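Hello,

Here is the structure you were waiting for. My notes on what was found in it follow below.

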Amino acid sequence: MTAVVFDKVWKEYGDQVVLEQVSLEIAPGSFVALVGPSGCGKTTLLRMLLGEERPTKGTIFVDGKPLVPEPNAERGVVFQRYSVFPHLTVLGNVLIGLELKASPLRGRLSGAARSAALEKAKGMIAAVGLGGSEDKYPTALSGGMQQRLALAQAMICKPKILLLDEPFGALDPGIRSDIHALMLELWNSSAMTVVMVTHDLSEAFRLGSRVISLDRQRSRPEEIQRYGSKISMDIDVWPRKQARHINGNGAGGHAAPALA
Amino acid sequence: MRIINRHPSRGLSVFLAALPFLALLIAYIIGSNARLAINPADKILPSFAQMAATMHEYALVPEKRSGEYILWSDTLISMWRLCTGLAIAVVISLVAGVAMGFIPWVKAMLTPFVEAFSLIPPITVLPILFIIVGLDEISKITLIAIGTAPFMLRAVALGVDEIPKELIVKAQTLGASTWQMIVRVVLPQVLPKLIVATRFALIPAWIFLISAEAIAATGGLGYRIFLVRRFLAMDVILPYVVWITLIAWTMDMLLALLQRRAFPWFQPERTK
């Protein structure tokens, strides 16, 4: 279980203030949905949590320790596009996380270690509903299937925090609702904290246990550059969602996928 | 119907493709016949029979003095120079290009140097090479490598740069080290682009090969055509040019085939 704290975080690009004194405590195991208008800095916030960008001022703590300032295996990510490796098959894309962990030099496995990893990867692929597509390349998959693959790829490394950058924004409504169900299952059955950026409010309330909206407090032309976004709303979603293993009673009504 | 919306059938396409070749061939035959009718000893546009006879001699009859088959020994030595030079350029461009494209420190240090270096017209380096390494094989191979490497290097570095940032971040979130990213993400994605760059490099490589052989050599396809030029021996030059074209085309096709077979996931932008 991982808690995240933003302590008076500012982000500026040159003279442009993007985020202004954002303080935020994210409880372990929560599913936070970040919403707000375009350009409000919600993706910037996510990138800082990812380690891709650094706060101009302030500190981000993960489990009480300052955030490692580069991406690592602690924090998984799914982007809207370019989330999977085009040169690897579905199986290769999921396997690579296990291979990188076990083989520092070649980044590949052989023999018994490979068989075990293959077994694990196939289980994960089946759990996200991609069974039977193991040998396809991502270009042969639909957008929804690619995002399922991206989830499987991130989940196999068992990240403490999963970051989602508008992951379902480009999908058709029907496909989107299927993948929402999958997302809730994955969150329910693991110990991770999820932070998702989205511009879709209904998605935010369907998935999130907490919805946070960022917005500029001042929008007059002469002020816009020197004042960044702040947290404008912070809503706990009812009925209260909680990852199943926290309260242990199977709330949520989703069948748990077979996750190794 | 507008002409841009009218598409030839498959059979017609083949015929249309053959048309310019046929036209050139027929024009040559007419010209050759006309000149030979006036002067049977004309050397400028020899007949196909004359060229076939000469090539028979070059390809199938050992030369009296050396006992070598001239066409094959010329081809062999030229191919060795071309392929060695290109291989060196491939290795340099892959190692330096990946480092330059992927590691900010190397990029900052090498990019301006490579850009400046690639502006040197390679042929002007040839006399320097002759003075430093002599007139033999090394100078020709080095010229091909120097002539093609900077361009290929920049293509590789650009190829690395074109890998979406998201994929590099993603690899790091899967725990990859810099080395692991090079081995598992960067190299596989950049190799097909290197093949594309190598195909583009074939033409300058041939130019440098033929030029170097024309200036100082004792064998090779370029050496031969510049040698027999003195005797206006078009019956040698024309078949040699066709032969060189054929080799270049075959190499290009083989590289294209390798690209499709080895990297089935890779689609260059223009074919999408």
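Chain A has seven helices and ten strands, where helices (H or I, at least four residues) and strands (E, at least two) are DSSP runs numbered from the N terminus. This is a predicted model, in which local features need pLDDT of at least 70, side-chain atom pairs count only at pLDDT 80 or more, and totals for chains, interfaces and linings use all residues. Residues are numbered from 1 along each chain as its sequence is written, while chains are lettered from A and ligands numbered from 1 in the order in which they are written.

Chain A overall

The C-alpha trace of chain A spans about 60 × 45 × 35 Å along its principal axes. Of the 260 residues of chain A, 43% count as buried. Buried means that 20 or more other C-beta atoms lie within 10 Å of the residue's own, exposed means 12 or fewer, and partly exposed is in between, with C-beta atoms placed from the backbone.

Where the chains meet

On the chain B side, 18 residues are in contact with 27 residues of chain A, contact being C-beta atoms, placed from the backbone, within 7 Å. Helix 7 (165-173) and helix 8 (178-215) of chain B are the elements that give two or more residues to that side. By class it has nine nonpolar, six polar and three charged residues. Here Ala, Val, Leu, Ile, Met, Phe, Trp, Tyr, Cys and Pro count as nonpolar, Asp, Glu, Lys and Arg as charged, and the others, Gly among them, as polar.

One residue to look at is Ile96(A), in helix 2 (residues 90-102) of chain A. Ile96(A) is buried because 28 other C-beta atoms lie within 10 Å. Leaving out residues up to four places away in sequence, Ile96(A) touches Leu88(A), Leu174(B) and Arg184(B).

The core

The largest nonpolar core has 110 residues, and Leu34(A), Ala152(A) and Val156(B) touch the most other members. Such a core is a set of buried Ala, Val, Leu, Ile, Met, Phe, Trp, Tyr and Cys residues joined through C-beta atoms within 7 Å. Helix 8 of chain B gives the largest share of this core, 13 residues.

Regards

How values were computed:
Contact = placed C-beta atoms within 7 Å.
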